[in-house]
Amino acid sequence: MQTHEIRRRFLEHFVRAGHTEVPSASLVLPDPNLLFVNAGMVQFKPYFLGQEAAPFRRATSVQKCVRTGDIEEVGVTTRHNTFFQMAGNFSFGDYFKEGAITFAWELITKSQEEGGYGFDPERIWVTAYESDPEAAEIWERVAGIPKERIQFRDGKDNYWDMGVPGPGGPCSEIYYDRGPKYGKEGGPVADEDRYIEIWNLVFMQDIRGELSPKLGHAPIGTLPKKNIDTGMGVERVAMLLQGVENVYETDLLRPIIDRAEQLTGRSYGVEHTDDVRFRVIADHVRSSAMLIADGVNPGNDGRGYVLRRLLRRIVRSARILGSEKPVMAEFMKVVSDLMAPSYPELATDFRRIETVAVGEETAFLKTLSTGSRLFDETVDQVRSKGGKKIAGTDAFTLHDTYGFPIDLTLEMASEAGLEVDEAGFRSLMAEQRDRAKADAQSRKHAHADLSIYKELVDRGATEFTGFDELTSEATVLA
Ligand code: ATP
Ligand code: MG
Ligand code: MG
Ligand code: MG
């Protein structure tokens, strides 16, 4: 089943059940504290918080999401994209746990002929919050899932809150077992790569009191109206229904890998490290295009910095894979053709998107050639002293001053028959990171008042794309 069909079936299922279809919000909302929209519920925050009356009691959407916090996972795990589409259904004081579970179960298990996804019910596992036996009971009764395939988890995994006083509630996640070939038995608690998380149902019901996020989750009361917030990963469902190994090989991403093979002359599926780079290219090409489409420009901080890192990582990966020419224009064309059916702006605004992406590529290629000169000088010096190793400080200077990624330094050093003091490089990077972290920490505390945190409502603190991520972003090219 193609990705666009998965989206369509989701929306149809929920519209049929009385939900209002709401278009995706932009990836970039005015809120300066939220880097990018990273969950379907973000555009509905005011309704959940009771700041505004919801114009509908039930809504459904397929939201564009970017999670820069997942960047290190991209291409390495089978299931993390920086850009992905989160399909969701929402209840504002209308149906609650039993409704949410029933709707989800119907859609995933109804046969494909009847308009569902047709997952084998025997392969579905679910998790529930350790203090929420009710959810487990509903899964057993409504879906017939046996106790053995219902696992309880603590608040870290299965309780959602804002990290501050306010609404919160347990959640319940739906997993699909890919089988013994993919890892060890024992359910999602044992192996999240074999058991793939496809859908998260949040039961927003409590009022949380004290400001001790993730410690005990003691509710001080119950919300007057109970809400439902769910998020299903469209790419993950596509991966499973298309029978491919990972999200990067699904119908909307794989053609980017194919084009990368043509442009680099290297094949996908031969060597693990190459494959990771192919997958990074596919993922980042799409995220970059979607971000530029929503008005982000490459820059030195905030959102622009994230986009710059994504674009540079594409160029770097393609070069390491063997391309000597610019690649960006080609990649942007492929992704525009793939995504325009759902996001027409990628076609109508193509010239601008292409210009921005290619502009950054040109600038970075210049950086690379300056860095290459310094690299050659360094190699000459090492050789003239009869050495075999490029010093950590030199690798660091190449990275820090010339934006020269360590992968490239390592690769080129090995071509020149030299080693690199990588440990030295890493410890200099770590020092820099600690400095940045300390700095970010002080900025963060400066902002720690409630009104601002309220704006950071999110699917748990780990998903907040805040300053920490920006600093960790600095390590991405390392
Ligand atoms: P994981 O534990 O696999 O990182 P999560 O628990 O962080 O996922 P949620 O915050 O619950 O994810 O988001 C809801 C759904 O969105 C997930 O069940 C999953 O299907 C999908 N999803 C989350 N992160 C990603 C991602 N980086 N790429 C693709 N899909 C994702
Ligand atoms: Mg996650
Ligand atoms: Mg999870
Ligand atoms: Mg989850």
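Predicted model: local features only at pLDDT ≥ 70, side-chain atom pairs only at ≥ 80, totals over all residues.

User: How many residues surround ligand 1, and which are the closest?

Analyst: 18 residues surround ligand 1. The closest are Asp 70, His 80, Glu 197, Asn 200 and Arg 236. A residue is near the ligand if one of its heavy atoms lies within 4 Å of it.

User: What is the make-up of that shell?

Analyst: Nine charged, five polar and four nonpolar residues. Here Ala, Val, Leu, Ile, Met, Phe, Trp, Tyr, Cys and Pro count as nonpolar, Asp, Glu, Lys and Arg as charged, and the others, Gly among them, as polar.

User: Which strand gives the largest share?

Analyst: E8, with four residues. Strands E3 (83-92), E8 (195-208) and E9 (219-233) each supply at least two. Strands (E, at least two residues) and helices (H or I, at least four) are DSSP runs, numbered from the N terminus.

User: Where does Arg 236 meet the ligand?

Analyst: A polar side-chain atom of Arg 236 lies 2.9 Å from an oxygen atom of ligand 1. For Arg 79, a polar side-chain atom is 3.2 Å from a ligand oxygen. Asn 81 uses a polar backbone atom, 2.9 Å from a ligand nitrogen. Polar contacts with the ligand are pairs of N or O atoms within 3.5 Å. The protein covers 91% of the 590 Å² of accessible area that ligand 1 has on its own (Shrake-Rupley method, 1.4 Å probe).

User: Is Cys 65 buried or exposed?

Analyst: Buried, at 0% relative accessibility. Cys 171 is buried too, at 3%. Buried means under 20% relative accessible area, exposed over 50%, partly exposed in between (1.4 Å probe, protein chains only).

User: And what does Ala 260 touch?

Analyst: Beyond neighbours within four places in sequence, Ala 260 contacts Gly 265, Phe 278, Ile 281 and Phe 331 (heavy atoms within 4.5 Å). Ala 260 sits in helix H7 (residues 254-264). Its relative accessibility is 0%, so Ala 260 counts as buried.

Conventions
Residues numbered from 1 in each chain as written. Chains lettered and ligands numbered in written order. Heavy atoms only, no water. Polar contact = N/O pair within 3.5 Å; in protein donor to acceptor, adjacent residues only side chain to side chain.
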